[in-house]
Amino acid sequence: MPTAPTTKKQLLLDAFLIVFGSFILAIGYSLFLAPAHISPGGVYGLALVIREVARSLFGLELGLGTIALVFNIPLFLLAMKGLGKITAVKTVVTFVLVALFSDLIETWSGGRPLVEESILCSFYGGALLGVSVWMIFTAQSTCAGTDTLARVLSRAFNTKVSTLIMLIDSLIVLLGLWVFQDWRVPLYSWIAIFVYSKVVDALQPQNPHKSVFIISDKTQELREVLIGQIGVRGTFLHGQGMYSGTPREVLFIIIERKHFAMLKKLVKDLDPKAFITTADASNDSMPLLP
């Protein structure tokens, strides 16, 4: 689905969200979760498990971000077709920054947690992950790894991103239990994953689509603007005013949430009196444009 041209202001905002979100994500991993041996699922949870195996069997000390980067690259290639070119470029920048920040913070901290209590590490680590992932998603990027797969799968199966993240990451948590041989690992890890998913869900509720009804006296003009600038298509429904009995045309479309603010602005700029109402779209499908 084509979008309106990206402005310089939007690019700067996206760059800020990606850099700052990547930094917060690295803090969550390097100062809270990894030092407390909390495997939060995802690529970094898997990286934590692999680092422990390399340390115990081979005496190797590997950087958490470096290991994650090795896994993020093939996962990114697997999910790349579903991301689009711009999002794919942003994703590469994001997971490279997260890996770099993670190793730098870990080196600076000496691998020590910011707080000693594991329950605080799991709670605040999960919260930081949730906030950072929301920022990165807002910039139309991903962190590769499981959140990329979750985002792609959410489009295919119309399922909440947070739910898919929890399911995928729980499998990795069980792997952490097998490696660390400590029941506290999965228990604290599931707390972190739960907090993480709830923060993402609260900040970015998904289903990724909304159904939109627009009642306007300028439906034909709206049709040209919406198709030309956002690339959406929909259906005209023929209705009748309840009070006046006047025939009216109602424009019905399904649109991704990320495009709704732009759609609303375009409609209001063209017809300030237009009536717009929305609802979450359930079990919807988005036909491809020819």
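How many nonpolar, polar and charged residues does the lining of the second largest pocket have, by class? The lining has 3 nonpolar, 4 polar and 4 charged residues. The structure is a predicted model, and the values below are computed from it.

## Overall architecture

The secondary structure of the protein amounts to 10 helices and 4 strands. Along the sequence, these elements follow the pattern α-α-α-α-α-α-α-α-β-α-β-β-α-β. The protein has 290 residues, of which 46% are buried.

## The second largest pocket

The volume of the second largest pocket is about 170 Å³. Helix H2 (42-58) and helix H4 (85-109) are the elements that give two or more residues to its lining. H2 provides the largest share, 4 residues. The residues that line the pocket are Ala34, Pro35, His37, Leu48, Arg51, Glu52, Arg55, Glu106, Thr107, Gly110 and Gly111.

Several of these lining residues have further features of their own. His37, one of the residues in the lining, is located in the loop between helix H1 (8-33) and H2. Its backbone deserves a remark. In general, most residues other than glycine have a negative phi. His37 is not a glycine, yet its phi is positive, at about 60°. With a relative accessibility of 35%, His37 counts as partly exposed, because values between 20% and 50% fall into that class.

Glu52 and Arg55 are also among the lining residues. These two side chains form a salt bridge, and their closest N and O atoms are 3.7 Å apart. Both residues belong to helix H2, where they are 3 residues apart, about one turn of the helix. Arg55 is partly exposed, with a relative accessible area of 31%.

## Salt bridges

Side chains of opposite charge can pair when their charged atoms come close. The count for the protein comes to 6 salt bridges.

| Pair | Closest N to O distance |
|---|---|
| Arg55 and Glu52 | 3.7 Å |
| Arg184 and Asp182 | 3.1 Å |

For the pair of Arg184 and Asp182, the two partners fall into separate accessibility classes: Arg184 is exposed at 55% relative accessibility, whereas Asp182 is partly exposed at 23%.

Asp269 and Lys265 lie in helix H10 (residues 257-270), 4 residues apart, so about one helical turn separates them. Asp269 is exposed, at 53% relative accessibility, and Lys265 is exposed too, at 54%.

## The loop between H7 and H8

Which residue in the loop between helix H7 (161-180) and helix H8 (184-203) has its place described here? The residue is Gln181. Its phi is near 55°, a positive value in a residue other than glycine. Gln181 is exposed, with a relative accessible area of 61%. The backbone of His37, in the loop between helix H1 and H2, likewise has a positive phi, of about 60°.

## A nonpolar surface patch

Ile119, Leu120, Phe123, Tyr124 and Ile191 make a nonpolar surface patch of about 420 Å². Which helix gives the most to the nonpolar patch? Helix H5 (residues 118-138) does, with 4 residues. Phe123 lies in this helix, H5. The relative accessible area of Phe123 is 40%, and the residue is therefore partly exposed. That value also passes the cut-off for patch residues, because a patch is made of residues with over 30% relative accessible area.

## A buried strand residue

Ile214 is part of strand E1 (residues 209-215). Is Ile214 buried or exposed? At 0% relative accessibility, Ile214 counts as buried, because the class takes in residues under 20%. Along the chain, Ile214 and Val267 are 53 residues apart, and 8.6 Å separates their C-alpha atoms.

Key
Residues are numbered from 1 along each chain as its sequence is written. This is a predicted model: local features need pLDDT of at least 70, side-chain atom pairs count only at pLDDT 80 or more; totals for chains, interfaces and linings use all residues. Side-chain values use heavy atoms; hydrogens and water are left out. On a 1 Å grid over the protein atoms alone, a cavity is a set of points where a 1.4 Å probe fits but cannot get out, and a pocket is an open set with protein on both sides within 12 Å along at least five of seven lines; lining residues have an atom within 4 Å of a point. Grid points are joined across faces, edges and corners, and a volume is the space filled by probe spheres set on the points. Ala, Val, Leu, Ile, Met, Phe, Trp, Tyr, Cys and Pro count as nonpolar, Asp, Glu, Lys and Arg as charged, and the others, Gly among them, as polar. Patches are made of residues with over 30% relative accessible area and no salt bridge: like charges are joined within 9 Å, nonpolar side chains (Val, Leu, Ile, Met, Phe, Trp, Tyr) within 5 Å. Accessible areas come from the Shrake-Rupley method with a 1.4 Å probe; for residues, only the protein chains shown count as cover. A salt bridge is a side-chain nitrogen of Lys or Arg within 4 Å of a carboxyl oxygen of Asp or Glu. Buried means under 20% relative accessible area, exposed over 50%, partly exposed in between (1.4 Å probe, protein chains only).
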